[in-house]
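Subject: Structure handover

Hi,

Here is the structure you asked about. Please open it first, then read my notes below.

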Amino acid sequence: MAFGSTESHQNALNLLVKAAAYSADCPNGFLIGSVEANWSLLASYGGEPPLPFDTSIEWWLKSNLTDRQPIIINDALGQSLPVYFHQLRSLGHKFVVGVAIWGEEEEMIGVLLVSSPWPQQRLSTAQVYALQTHAALVGQTLQLQAGLYLPKQKTFLERLRLLESVVVNAKDAILITEAEPIDQPGPRIVYCNPAFLTTTGYTLSEVIGQTPRILQCDDTSRATLDLIRKALSSWQPIEVELINTRRDGSQFWVELSIVPVANEKGWFTHWVSVQRDITERKKSEHLALQALADREEKVALESRLKERERIEEELSYAAYHDDLTALHNRAYLMALLSDLLNNSGQEQAPDATVLFLDLDRFKFVNDSLGHGAGDILLEVVARRLENCIREEDILARVGGDEFAILLMGGNQSSLAIELAQRVVDQLSLPIVIEGHDIFTSCSIGIVTADMTHTSPEDLLRDADIAMYAAKKQGRGRWAVFDVSMREVAINALVMQNALKQALVNNEFSIAYQPIYSIFTGEISGVEALVRWHHPVLGQVPSDRFIAVAEDIGVIHELGHWVMQKGCAELQRWKTEFPKLKLHLNVNVSGVELNRPGYLNQIKEILAQSGINARDLQVEITESIFLYQPDKIAQVLESIRELGVRIALDDFGTGYSALGYIDRYPIDAIKIDQSFVSRMMTFQRSDAIVRSILSLGRALDIDITAEGVETQPQLQRLREMECPFVQGYLLSYPVKAEEILPLLKLTMT
């Protein structure tokens, strides 16, 4: 009978090809063959083959796929492949598997092919059996279509016999279960081959109707079972290794592969599970691992003493050396100084002189170029310092950017001074880092041990004090310690401690110095000046405590308090005199501007006080631009965007005052009082003041002259048409409650 095709038969073939491809974890599948005529494409999944099929391929397949086992079609067949398969590979079919379709008369009537774009090493055992099963089903369907095979009944049992014909003689243990349920109690076993019964010791009646859970035990991996359950829930093939249990309770390892099997309608109806006993392999692996562990233990025992010696040497080195520079570290220097002090005797000072070095502006290198550049700088400095010292001198890195040199022996003071100058000269030379010429310098404190130094800490403390004395003189300086330096350091410490308590004890107050309009005589603004009255030290001048407050971080809290209180007072005055135009000037340091969140602090103060942002004017000095000028400029611009004005204080006393008002957002400048006092005597000072006023008018910048103390000075500024003035002639700084009478006076 000629081959015929109906829509239902074609759908069955397509679904079987799809199920076969799915069971082999392949995205493509196609069926070629015929019962009577020349072979042709009969069904496909994932798209038809991209190349036409010809009779030469039929002949090649019939000659090579003589076994019932699936064949991975590649050069492993022992001969060259037809061009057809090379072309398939070039088009993305990297992995092609074929399995022959056999008829009732043991003749090949077609080939089922599955392919994947991903090269694979092998098929699992269960996938092999699944492909064979699907090939048998395809053969049955082809013969049904041709009318050459008429089964007595299309029952479920017949299909099981078909599956059984594939696996009954297999050496691997094979189970066939229903597809569902995945959850408890699990899919029921509908078939097991003789190999399964031999392996597990169960009888057929004890297995059929049960679930594979009869093989599990306490040692079966829960994680592996979860992987299996996850794969079954998504109808995915899976291959794992796990422990099973025989009927007598003995355990054995299996390599388990499971694939789903679909019927001619495309429904997954069963699972094919293949279990291969790998107990011996696992035992061999365990023995190999044990043997390897024994050998490693033996090697470890033999090398442990050597390793311990090496570790002790490394620990000893690490304990007394710096990782980055390979110099001695602080611990080594302290131990050496301790020995010198202990061995010198109670009536004799040790022969030791210490030079304590601190790099200037090292933080600037870290902040601008990164910590990697900072590390390079420290290494270069270490090598240069090594070139400066003698062989018997001790060089150590004692902190982040701090180094110490120990000179031992008597009469080392003069040598220490020569060495300090040599170090200063060496470190003044540029260092190239990442294409940048970095100019660094150091401050050096020199101390020679005497009877007051009873511990290494005493000696380094005084060297550190001398170093800070040198740093105050400028960069690249050295200083020799004397007792007066210690007193200054103690006073600075007292000042620091007192400052920390001053805010808590409400020892600060604000004095307000009025700023007058020279044209109307009215008070146009006030400058808030912080005052500190200490219960013991008395009235402490601001030039003594502001710098200390910046060093220890108190300036942030102090500055916030001054601005907050000043804005509140300003709002109170403006409520009292609503027609009066009045602004508040608050001095702000670079330390405050550099702190993250400073902009939000100003926003909060403006919101709390209720004053207009234009009524607040921040006063800065040129010194804030010495470090990170670009960052400072961004902060100032953000403050101006709020509406707050920026005033440049002490104008004309710096190095590049004109450059600052050109580059940065400046709304007002204040002429330093030194020009105001000198303009009455020196023509040059008079010309400078006139020039500043002319510049202010040209740039539309408000000008305030500070330090007006005499009537002639005020008259001269009035003649020059200086817009605003302040000074002792007009008003001393006064308390908040004294401002109201002054405001009333100016408005009458």
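The protein chain splits into four domains: domain 1 (1–152), domain 2 (169–310), domain 3 (330–481) and domain 4 (494–746). These bounds come from an automatic or database domain assignment. The model is predicted, so local features need pLDDT of at least 70, side-chain atom pairs count only at pLDDT 80 or more, and totals for chains, interfaces and linings use all residues. Residues are numbered from 1 along each chain as its sequence is written, and side-chain values use heavy atoms, with hydrogens and water left out.

Domain 1 and domain 2

The centres of domain 1 and domain 2, taken over C-alpha atoms, are 31 Å apart. In contact (heavy atoms within 4.5 Å) are 17 residues of domain 1 and 23 residues of domain 2. Interface size is often stated as the accessible area lost when the parts come together. Here the buried area is about 1,400 Å², and carbon and sulfur atoms give 64% of it. Buried area means the accessible area (1.4 Å probe) that two parts lose on being put together, summed over both. In domain 1, Tyr22, Ala126 and Tyr129 lose the most area to domain 2. Together they make up 37% of what that side buries.

What holds charges or polar atoms together across this interface? The rule finds zero salt bridges, but three residue pairs in polar contact, both residues at pLDDT 80 or more. A salt bridge is a side-chain nitrogen of Lys or Arg within 4 Å of a carboxyl oxygen of Asp or Glu. A polar contact is a pair of N or O atoms within 3.5 Å; within protein, one must be able to donate a hydrogen and the other to accept it, and residues adjacent in sequence count only if both atoms are side-chain atoms.On the domain 1 side, α1 (7–23) and α4 (125–146) each supply at least two residues that touch domain 2. Of these, α4 gives the most, with eight residues. Helices (H or I, at least four residues) and strands (E, at least two) are DSSP runs, numbered from the N terminus.

Inside domain 2 and beyond

UniProt, in an unreviewed entry, places the feature "domain: PAS" at residues 182–211. Such annotations may be inferred rather than shown by experiment. The end C-alpha atoms of this span lie 10 Å apart, and the span is 37% helix and 13% strand.

The salt bridge count comes to 28. Glu206 lies in helix α7 (residues 204–207) and Arg247 in the loop between β8 (238–245) and β9 (251–262), so the pair ties together parts that are 41 residues apart in sequence.

Two backbone details remain. The peptide bond from Glu180 to Pro181 is cis, with omega near 5°. Pro181 sits in the loop between β6 (173–178) and β7 (189–192). Asp700 is not glycine, yet its phi is positive, near 55°.

Best wishes
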